[in-house]
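User: I have a structure to go through and I'm new to this. Can we take it piece by piece?
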Amino acid sequence: MTGWQKVGDNWYYLYNDGVMASDTWIGEDYVDATGAWRPEILKEKWISSGEKWWYRHSDGSYTTSNWEWINGKWYYFDASGWMMTGWQKVGNEWYYLYSNGVMAADSWIGENYVDATGVWRPEILKEKWISSGEKWWYRHSDGSYTALNWKKIDGKWYYFDASGWMVTGWQKVGDNWYYLYDDGVMASDTWVGNYYLKSDGTMAVSEWVQDGKYYVDENGLWVA
């Protein structure tokens, strides 16, 4: 015999080769270690109703007003058992759940950071450039900014004045001259007019540059 067979009071499933299935799922139906069909044991799965989703447990129950760990992801369900999405306040904390219900963790949601536990951390800001009129400054994750110093941003060097504004053009920092392009990026390994900026950004003075091809004087001006 093959397929579903009733023996006594129980149903059993036999594969095409006649072997009885045991401790496995046959579609939506579970057969236990003895091979008997257990209709009271349901397959855990997502079930939709319109545009809403809930998660059925093996006993037919579902989670309400709580989190559930499903296939390695956290989900939150409301008082009726529906999967939640978007920003949700749980207890005293805010969390973000993607459109598929998965809780965001250690990630940016727009300008908002949620940590590894999924909690929104309003005190942690996204590092970004901010303009004020024609001036620019760079906000750090704690809200602070660099002043009278260099900062490397996305692989490029920038210099900021005492008020934290990004500077451009020729700038003397310490004993050296540097050139910052209009976008604030420090020039290096290049000529700006008749002046040469070395790999560290400093203007060459009284030395040969570019493998001895050119000489610049004590003012940095190319002379030979």
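Analyst: We can start with one term: a residue is buried if its relative accessible area is under 20%, exposed if over 50%, and partly exposed in between. Keep in mind that this is a predicted model.

User: OK, take Thr146. Is Thr146 buried or exposed?
Analyst: Thr146 has a relative accessible area of 12%. The cut-off for buried is under 20%, so Thr146 counts as buried.

User: Where does Thr146 lie?
Analyst: Thr146 is in the loop between β14 (135-139) and β15 (149-153).

User: And what does Thr146 touch, leaving out residues up to four places away in sequence?
Analyst: Thr146 touches His140, Lys151, Phe160, Asp161 and Gly164. With His140 there is also a polar contact of 3.1 Å between the two side chains.

User: Changing topic. Which domains does the protein have?
Analyst: The domain assignment gives domain 1 (3-41), domain 2 (45-122) and domain 3 (128-223). The C-alpha centres of domain 2 and domain 3 are 48 Å apart.

User: Now strands. How do β7 and β8 pair?
Analyst: β7 (residues 66-70) and β8 (residues 73-77) pair in the antiparallel sense, over five bridges. In this pairing Glu68 stands opposite Tyr75 in β8.

User: What do β7 and β8 form, and what is in the turn?
Analyst: They form a hairpin with two residues between the strands. Asn71 is in the turn and has a positive phi of about 50 degrees.

User: Next, rings. How many aromatic pairs are there?
Analyst: The count is 29 aromatic pairs. One of them is Tyr96 with Tyr98: the ring centres are 5.7 Å apart and the planes are at 80 degrees.

User: What about Trp170 and Tyr195?
Analyst: Their ring centres are 5.7 Å apart and their planes are at 75 degrees, so this pair is edge-to-face. The pair links distant parts of the chain, 25 residues apart: Trp170 is in strand β17 (residues 169-173) and Tyr195 is in strand β20 (residues 195-197).

User: How accessible is Trp170, and how accessible is Tyr195?
Analyst: Trp170 has a relative accessible area of 32% and is partly exposed. Tyr195, at 28%, also counts as partly exposed.

User: Last one. Which residues do ring pairs link into a cluster?
Analyst: Trp4, Tyr13, Tyr15 and Trp37 are linked into a cluster by ring pairs.

Note on methods. Residues are numbered from 1 along each chain as its sequence is written. This is a predicted model: local features need pLDDT of at least 70, side-chain atom pairs count only at pLDDT 80 or more; totals for chains, interfaces and linings use all residues. Side-chain values use heavy atoms; hydrogens and water are left out. Domain bounds come from an automatic or database domain assignment. Two strands pair if DSSP finds at least two bridges between them. Helices (H or I, at least four residues) and strands (E, at least two) are DSSP runs, numbered from the N terminus. Rings of Phe, Tyr and Trp (its six-membered ring) pair if their centres lie within 6.5 Å; planes under 30 degrees apart count as stacked, over 60 as edge-to-face and the rest as tilted. Buried means under 20% relative accessible area, exposed over 50%, partly exposed in between (1.4 Å probe, protein chains only). A polar contact is a pair of N or O atoms within 3.5 Å; within protein, one must be able to donate a hydrogen and the other to accept it, and residues adjacent in sequence count only if both atoms are side-chain atoms. Contact means heavy atoms within 4.5 Å.
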